[in-house]
Amino acid sequence: MSTPPEDQLLTRLRSFHSEYFPRHQQRFQDLVAQGQHPKTCFVGCSDSRLVPYLLTGAGPGELFIVRNVGAFIPPYDGSHGLHGTMAAIEFAVLTLEVERIVVCGHSHCGAIRAAYDGVPDEAKALKAWLKLAEEALLPVRSSAEALRRTEQRAVVLQLERLIAYPMVQRGVQAGRLSLHGWHYVIEDGEIHVFDAEKGDFLPASQASNPGTGPYRQYVEHDGQVLCD
């Protein structure tokens, strides 16, 4: 009887243990002995094409990563119920005392498209979750331009919600915490950061800062206001 081929995922697990880990063993041991002290909380979409460590060049222990469909943040008022994302933000700010929170959306986001086009009735949780994007939607049919604008609008919307978290607001007002809004254009390999002064997303290669907040209002070039 022939031996079945080894599962690719299992092969990668073994490779991590035998090749990567020995080269970085001391780093992992330090993270256990000294605990984790990441300076950045990265809130990103679950999309497989978004790889936070690859984009930021970070290593183990440098990012506290929170991921969900669409990189959405539920309002602190509990109107959408409790969620792991809320708990993660509270933990990042109150326990880990991170210095930055990044909200990173991306191009070709399936969550934003689904917010326009709908999802199967069987996806009850997803349908409820996508309501968190409604305020960012444009009164038009979905198109490449509308989707791109909505992806960016959604990032700003999440930042507006984020600043309503009491522990986040205190940190920002005290200068201990900064907020960053990013939009990753997959096909260009470029992060566009939201520049609060210019009120626009700029390629990181041209931006003067990595995006700072808080953002209480997002006015687009055509004069449309995201939130009053």
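**Stop 1: the cysteines**

Start with disulfides. A disulfide is a covalent bond between the sulfur atoms of two cysteines. How many disulfides are there in this predicted model? The count is zero.

Select C45 and C109. The closest cysteine sulfur to that of C45 sits in C109, at 4.3 Å. A disulfide needs two cysteine sulfurs within 2.5 Å. The pair is therefore too far apart for a bond. Now check the surroundings of C45. Its relative accessibility is 6%, so C45 counts as buried.

Next, select C104. Which cysteine has the sulfur closest to that of C104? That sulfur belongs to C45, and the distance is 9.0 Å. Again, this is too far for a bond. Is C104 buried or exposed? C104 is buried, with a relative accessibility of 0%.

**Stop 2: two packed helices**

Two packed helices are described by the angle between their axes and the distance between the axes. Select residues 110-117, which form helix 4, and residues 144-162, which form helix 6. Their axes lie 10 Å apart, and the packing angle is about 110°. Helix 4 is therefore roughly perpendicular to helix 6. The two helices make a right-handed crossing.

Show the side chains where they touch. Helix 4 brings I112, R113 and Y116 to the contact. Helix 6 brings A146, L147, T150, E151 and A154. What kinds of residues make up this contact between helix 4 and helix 6? Five are nonpolar, one is polar and two are charged.

**Stop 3: positive phi angles**

Most residues other than glycine have a negative phi, and most peptide bonds are trans.

- Go to E97. It is not a glycine, yet its phi is positive, at about 55°. Where is E97? Look in the loop between helix 3 (84-95) and strand 3 (100-106). E97 has a relative accessible area of 59%, so it is exposed.
- Go on to H108. Its phi is positive too, near 55°, and H108 is not a glycine either. Follow the chain from strand 3 to helix 4: H108 is in the loop between them. H108 has 48% relative accessibility, so it counts as partly exposed.

**Last look**

Then select E97, which is exposed, and H108, which is partly exposed. Finish on helix 4, with Y116 among its residues in the contact with helix 6.

Key. Residues are numbered from 1 along each chain as its sequence is written. This is a predicted model: local features need pLDDT of at least 70, side-chain atom pairs count only at pLDDT 80 or more; totals for chains, interfaces and linings use all residues. Side-chain values use heavy atoms; hydrogens and water are left out. Buried means under 20% relative accessible area, exposed over 50%, partly exposed in between (1.4 Å probe, protein chains only). Axes are lines fitted to C-alpha atoms, for helices over the stretch in contact, and angles run from 0 to 180 degrees between N-to-C directions. Helices (H or I, at least four residues) and strands (E, at least two) are DSSP runs, numbered from the N terminus. Angles under 35 degrees count as roughly parallel, over 145 as roughly antiparallel, 65 to 115 as roughly perpendicular and the rest as oblique. A crossing is left-handed if the near helix is turned anticlockwise from the far one by less than a right angle, and right-handed if clockwise. Contact means heavy atoms within 4.5 Å. Ala, Val, Leu, Ile, Met, Phe, Trp, Tyr, Cys and Pro count as nonpolar, Asp, Glu, Lys and Arg as charged, and the others, Gly among them, as polar.
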